[in-house]
Amino acid sequence: MSPDLDKKLCEAFPLLYRDRHASMMETCMCWGFPGDGWFQLIWDLSAKLEPMIRKWVNENGMENAPHALQVKEKYGLLCFYMSGETAEMSAAIDVAENMSAATCEDCSAPGRTRGTSWLSTQCDACASRAVPL
């Protein structure tokens, strides 16, 4: 993801992405976010999770408050891992991960999962520009 979009997520959702710049010994968030095309999916999910985390913190304090551990592409799909989550958080994550299967990870146009050994979710235009592996 571009540095500008990465920064936008981290600034807008400070509880969720509080470990974004921590060392790789502490978190996988140090590796950042997947492609720009999934920015809106991640933004919408983050906008749902941040208030849930804020509520959790208000009721329980910061210790053990849920936060993102890793946000990545795996097998052509968005994978969003948390340190802990409620059923409501899990449901929101499931929706975003499922939507990624139909969203180009490069440009956000409608897409589909493609490939045999290396999978990616792309629209026709981005797939035609991709270098074959």
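Predicted model: local features only at pLDDT ≥ 70, side-chain atom pairs only at ≥ 80, totals over all residues.
What radius of gyration would a compact globule of 133 residues have, and what does the protein chain have? For 133 residues the expectation for a compact globule is near 14 Å, and the protein chain comes to 15 Å, which agrees with it.

Let me begin with the overall picture. The C-alpha trace of the protein chain spans about 50 × 30 × 25 Å along its principal axes, and buried residues account for 40% of the 133 residues. If we take the contacts between residues at least 6 apart in sequence, 51% of these join residues at least 24 apart. As for secondary structure, the protein chain has 4 helices and 4 strands, and, read along the sequence, these follow the pattern α-α-β-β-α-β-β-α.

Two packed helices are described by the angle between their axes and the distance between the axes. For α1 and α2, that angle is about 5° and the axes lie 11 Å apart; since angles under 35 degrees count as roughly parallel, α1 is roughly parallel to α2. On the α1 side the contact is made by Leu5, Lys8, Leu9 and Ala12, and on the α2 side by Phe39, Ile42, Trp43 and Ser46. Sorted by class, the residues of this contact of α1 with α2 are 6 nonpolar, 1 polar and 1 charged.

The second pair is α2 with helix α3, which covers residues 87–100. Their axes come within 10 Å of each other and cross at roughly 180°, and because angles over 145 degrees count as roughly antiparallel, α2 is roughly antiparallel to α3. From α2, the residues that make the contact are Leu41, Leu45, Lys48, Leu49, Met52 and Ile53, while α3 brings Glu88, Met89, Ala92, Ile93, Ala96, Met99 and Ser100. The contact of α2 with α3 has, by class, 10 nonpolar residues, 1 polar residue and 2 charged residues.

Staying with α2, I would like to point out Pro51, which lies in this helix. With a relative accessibility of 40%, Pro51 counts as partly exposed. Pro51 and Leu15 are 36 residues apart in sequence, and their C-alpha atoms are 9.2 Å apart in space.

Next, the charged pairs. How many salt bridges does the count come to? The count is 5 salt bridges, and I will go through some of them. In helix α1, residues 3–12, Glu11 and Lys7 are 4 residues apart, about one turn of the helix, and Glu11 forms a salt bridge with Lys7 in which the closest N and O atoms are 3.8 Å apart. Glu11 is exposed, its relative accessible area being 56%.

In helix α2, residues 39–60, Arg54 and Glu50 are likewise separated by about one helical turn, being 4 residues apart, and their side chains meet in a salt bridge at 3.8 Å, N to O.

Finally, some backbone detail in the loops. Where does Tyr75 lie? Tyr75 sits in the loop between β1 (68–74) and β2 (77–82), and its phi is near 55°, a positive value in a residue other than glycine. At 59% relative accessibility, Tyr75 counts as exposed. Ser108, which is not a glycine, has a positive phi of about 80°; this residue is found in the loop between α3 and β3 (112–114), and at 43% relative accessibility Ser108 counts as partly exposed.

To close, the points I would keep in mind while looking at the model are that α2 is roughly antiparallel to α3, and that α1 is roughly parallel to α2.

Key:
Residues numbered from 1 in each chain as written. Heavy atoms only, no water. Salt bridge = Lys/Arg side-chain N within 4 Å of Asp/Glu carboxyl O. Helix = DSSP H or I, 4+ residues; strand = E, 2+ residues; numbered from the N terminus. Buried < 20%, exposed > 50% of the residue type's maximum accessible area, 1.4 Å probe, protein only. Axes fitted to C-alpha atoms, helices over the stretch in contact; angles between N-to-C directions. Parallel < 35°, antiparallel > 145°, perpendicular 65-115°, else oblique. Contact = heavy atoms within 4.5 Å. Nonpolar A, V, L, I, M, F, W, Y, C, P; charged D, E, K, R; others polar. Rg over C-alpha atoms; globule rule 2.2 N^0.38 Å.
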